[in-house]
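The following explanation leads a new reader through one protein structure.

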Amino acid sequence: MPENGGREFVTPPPLERGDRIAVVAPSSNPSTEYPHVYEQGLDRLREVFDLEPVEYPTTEKDDDYLYDHPEERARDVMDAFEDSEIRGVIAVIGGNDQIRVLDHLDPDVLRANPTRFYGYSDNTHLASYLWNLGIVSYYGPSVMAELSMEGGLFEHTVEYTERAFFEDSFGDLRPADVFTDERGDWADPDTLDRPRETEPNPGWEWAGGETPVEGRVWGGCLEILDQQFLADRYLPAESALDGTILAIETSQELPDPDWVAGVFRALGERGLLERFDGVLVGRPATQSSLESRPADRREQYRTDQREVIEDVVAEYNPDAPVVSNVDVGHTWPTTPIPIGGRVRIDPGTKTVRFD
């Protein structure tokens, strides 16, 4: 049955080892400032995943140039999708102005050439744009964050990135054993071999409804979706969200839990929260490049954010199961879940599975 306003969803074909993957900068591009970090990410594509990165013109431009030329960022994305020798497209990293790129995209080009796209954070804009076209994309990884992790990739990152790259179905989700939200010191090349400090992962937190639910995933970074709601230009029809699963996470901007509660409450008043059949909440980052916090403050921040989301969802949609502390977003390792893919959430068995 057609979905999303009459469009059939398509999961672009998987890559194979040895394939060419386009590297683009549709948001920011700190590779010009930290080339050692960027090159390590490219090396990991080659050495860990046996893919051949093909660098597109925006990867050579700095942030000032990219800000002034959103049309060139859009062109790189479309050129990569159209190139029959390119099997996947991956973002250098996120940013905070990709919303200015979307008006320069040609939806007919993207829809006619469905290609697997990988990126998170500001790339929520592209993921939502592709969702509107019925094209499944993946919420990560990015070249300079996950793939250039200091001291080597997390095994969890490798396992789930391989699924996103090479498998037709993403399969069962499970929590990572450990995690970190410590920020890397990119200015010092000597830190590339020094692993970040990790914490034991307590696992998922469950709240809300107890009946299993299934639906397509929509969502991404909350701060970026907030931009989309303010612009009100690139959102799906509200009826297209009926029966979907909201996936949400917050960034290293460390939004106050009261702000998160306010955004969720606004979604409830708009009538959107009642449309989602379930909610997946990524573990929030608790530190940034500008602020480190002691362990007790980090844990309190996670608890406060989780509780306000659970409380607001319970007010507007008490039957929706809410799974928090998922390895999605701005902590590591991250799981590149398929945005637009179908997922089943079962509170009875405490499982999350993508078809």
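**Pockets, helices and loops**

The second largest pocket of this predicted model has a volume of about 210 Å³. It is lined by 15 residues, and E205, E299, R302, R306 and N325 are the closest to its centre. Two or more lining residues come from each of the elements β12 (278–282), α9 (295–316) and β13 (321–326). Of these, α9 provides the largest share of the lining, with five residues. By class, the lining of this second largest pocket holds five nonpolar, five polar and five charged residues.

The largest pocket has a volume of about 560 Å³. Its lining consists of 22 residues, and those nearest its centre are I93, R183, W186, Q252 and H330. Here the lining residues divide into eight nonpolar, ten polar and four charged.

The axes of α5 (residues 124–132) and α7 (residues 222–231) come within 9 Å and cross at roughly 60°. The two helices are therefore oblique to each other. On the α5 side the contact involves T124, H125 and S128, and these meet I224, L225, Q227 and Q228 in α7. The residues of this contact comprise two nonpolar, five polar and no charged.

How far is α5 enclosed by the rest of the structure? Eight of its nine residues are buried, so the helix is largely enclosed. The buried residues are T124, H125, L126, A127, S128, Y129, L130 and W131. After α5 comes G134, which has a positive phi, near 80°.

Positive phi values also occur at two residues other than glycine. One is D232, with phi near 55°, which lies in the loop between α7 and β11. D232 has a relative accessibility of 47% and therefore counts as partly exposed, since that class runs between 20% and 50%. L254 likewise has a positive phi, near 55°, and its place is in the loop between β11 and α8. At 10% relative accessibility, L254 counts as buried, because buried means under 20%.

Cis peptide bonds form another feature of the backbone. One joins G140 and P141, with omega about -5°. P141 is found in the loop between β5 (137–139) and α6. Another cis peptide bond runs from W332 to P333, where omega is near 0°. P333 lies in the loop between β13 and β14.

That loop also holds T335. Is T335 buried or exposed? With a relative accessible area of 1%, T335 is buried. Apart from its neighbours within four places in sequence, T335 is in contact with Y139, H156, Y160, F170, L173, D327 and V328.

Helix α6 (residues 155–166) contains a residue in another setting, E159. This residue is partly exposed, with a relative accessible area of 24%. E159 and Q287 are 128 residues apart along the chain, and their C-alpha atoms are separated by 26 Å.

Key. Residues numbered from 1 in each chain as written. Predicted model: local features only at pLDDT ≥ 70, side-chain atom pairs only at ≥ 80, totals over all residues. Heavy atoms only, no water. 1 Å grid on protein atoms, 1.4 Å probe; cavity = no way out; pocket = protein on both sides within 12 Å on 5 of 7 lines; lining within 4 Å. Points joined across faces, edges and corners; volume = space filled by probe spheres on them. Nonpolar A, V, L, I, M, F, W, Y, C, P; charged D, E, K, R; others polar. Helix = DSSP H or I, 4+ residues; strand = E, 2+ residues; numbered from the N terminus. Axes fitted to C-alpha atoms, helices over the stretch in contact; angles between N-to-C directions. Parallel < 35°, antiparallel > 145°, perpendicular 65-115°, else oblique. Contact = heavy atoms within 4.5 Å. Buried < 20%, exposed > 50% of the residue type's maximum accessible area, 1.4 Å probe, protein only.
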